[in-house]
Amino acid sequence: MHELAVTAIGTDRPGIVATVTRVLHERGGNLEDSAMTILGGQFAIVLLVATEDEPDALAVALEAATAELGLTVSVCRTDGTQQGIDPTHLLSVYGADRPGIVAGVTGALAAVGANIVDLETQVIGDDDQPVYAMLIELATQDETAVAGAVASACEQLGIDHTLRTIDAETY
Amino acid sequence: MAVRRVVTYPARVLKGLAGPVGEIGPRERQLAQDLVDTMYDSPGCVGLAAPQLGVASRAFALDVSVMRKPPEGNHGLLVLFDPELVLATGSELAREGCMSVPDFTCDVRRATEVVVRGTTPEGAVRVVEAGGFEARAVQHELDHLDGLLVLDRVAARADVFPRKRRARKGEHLK
């Protein structure tokens, strides 16, 4: 057994997850971890599967089974050794929608060695005044460095933010 | 009767520290009336803080009795100037929305019982013991006076951005 990383994305419709996971199951694969969600009108699947399959063989099987769904599929080998890490902090960033928010903030995090565990973005607010909101779960040993780096990046971008330890009580 | 426009983020007044009001005069009573009128005019709205009307003053109006299922033991209409949180106990995660961050809800952890003290529009000191959803609403309004929005209170990534259709206008507060 080894671990393969599978991605599949296509126009959303019922049956996408069922089809992809049926193929994995029929070929003796075991789903290790997955994230599946709608982005706009696209349904995106990212998953890790423990399997005897070679990447090319699994890709061919998935493409054949999902041809009707029009999914774009990729399969690649992982080293299968790295464990996931637990986030230590939650960073909430929001501001008037403008280009460069994600790049600016994540660049600041990378510069101080903070590891992003999870990131989600959404445009909220009124149509005439869109607000970009981003929630990042990150892992760091150096809260002071992260706080400073994020504060200066957000100031430069003219956006607001809150950095908190995860599970901290908030009042 | 003066229904005013509710200010939405990124208006800076929502991110600043609101100033103390002190003595209650005609201007303050007018602000109280505007808060109440605007709150009752906004469907689904159970509370409004002065910064949401663009006024950087420590005041809010609140009335959870207008909810479809009014919480038991609620105080009806509350208008307080210079409100202070005297006591907060308990802890509960629940969904909140905000007139100033339209079409967005997230889970926020709040105390379940609070005691808040403030000055009424008549100039009297009032102490209110609130529980449950009313306590949550009090804390939400108090946050507005300190420039804090629900986005600053998000409890965890998994609690935010529920993947469902946006709440319809006026239904942000459950």
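Let's start in chain B, where a hairpin takes β4(B) into β5(B) through 2 residues. Strands here are DSSP runs of E with at least two residues, helices are runs of H or I with at least four, and both are numbered from the N terminus. What you're looking at is a predicted model, in which local features need pLDDT of at least 70, side-chain atom pairs count only at pLDDT 80 or more, and totals for chains, interfaces and linings use all residues. Residues are numbered from 1 along each chain as its sequence is written, while chains are lettered from A and ligands numbered from 1 in the order in which they are written.

Two strands count as paired if DSSP finds at least two bridges between them. One bridge to look for has B:Gly97 partnered with B:Thr105 in β5(B).

β5(B) also turns up where the two chains meet. There, 24 residues of chain B are in contact with 24 residues of chain A, contact being C-beta atoms, placed from the backbone, within 7 Å. β5 (101-110) and α3 (150-153) of chain B each supply at least two residues to the side that touches chain A, and β5(B) gives the largest share, 6 residues. That side of chain B has 13 nonpolar, 3 polar and 8 charged residues. For these classes, Ala, Val, Leu, Ile, Met, Phe, Trp, Tyr, Cys and Pro are nonpolar, Asp, Glu, Lys and Arg are charged, and the others, Gly among them, are polar.

Now over to chain A. Its domain assignment gives domain 1 (2-77) and domain 2 (89-165), with bounds that come from an automatic or database assignment. The C-alpha centres of the two domains of chain A lie 31 Å apart.

Take the open sheet of chain A next: 4 strands in the order β2-β3-β1-β4, with antiparallel pairing. β2 (30-39) and β4 (72-77) of chain A are the edge strands, each pairing on one side only. From one strand to the next, the twist averages 10 degrees. Angles run from 0 to 180 degrees between N-to-C directions, and axes are lines fitted to C-alpha atoms, for helices over the stretch in contact. β2(A) pairs with β3(A), residues 42-51, over 9 antiparallel bridges, and A:Asn30 stands opposite A:Ala50 in β3(A).

Helices pack on this sheet too. α1(A), residues 16-26, touches β1 (2-11), β2 and β3 of chain A, and its direction makes about 15 degrees with that of β3(A). α2(A), residues 55-66, lies across β1, β3 and β4 of chain A and runs at about 165 degrees to β4(A).

Further along chain A, β6(A) (residues 115-126) and β7(A) (residues 129-139) run antiparallel, joined by 11 bridges. They form a hairpin with 2 residues between them, and A:Ile116 stands opposite A:Leu138 in β7(A).

Finish with a helix pair. α3(A) (residues 101-111) and α4(A) (residues 143-157) pack at an angle of about 155 degrees, with axes 9 Å apart. That makes the two helices, α3(A) and α4(A), roughly antiparallel, a label for angles over 145 degrees. Residues of α3(A) including A:Gly104 and A:Ala108 meet residues of α4(A) including A:Ala149 and A:Ala153. By class, this contact of α3(A) with α4(A) has 11 nonpolar, 2 polar and no charged residues.

Definitions and conventions:
Parallel < 35°, antiparallel > 145°, perpendicular 65-115°, else oblique.
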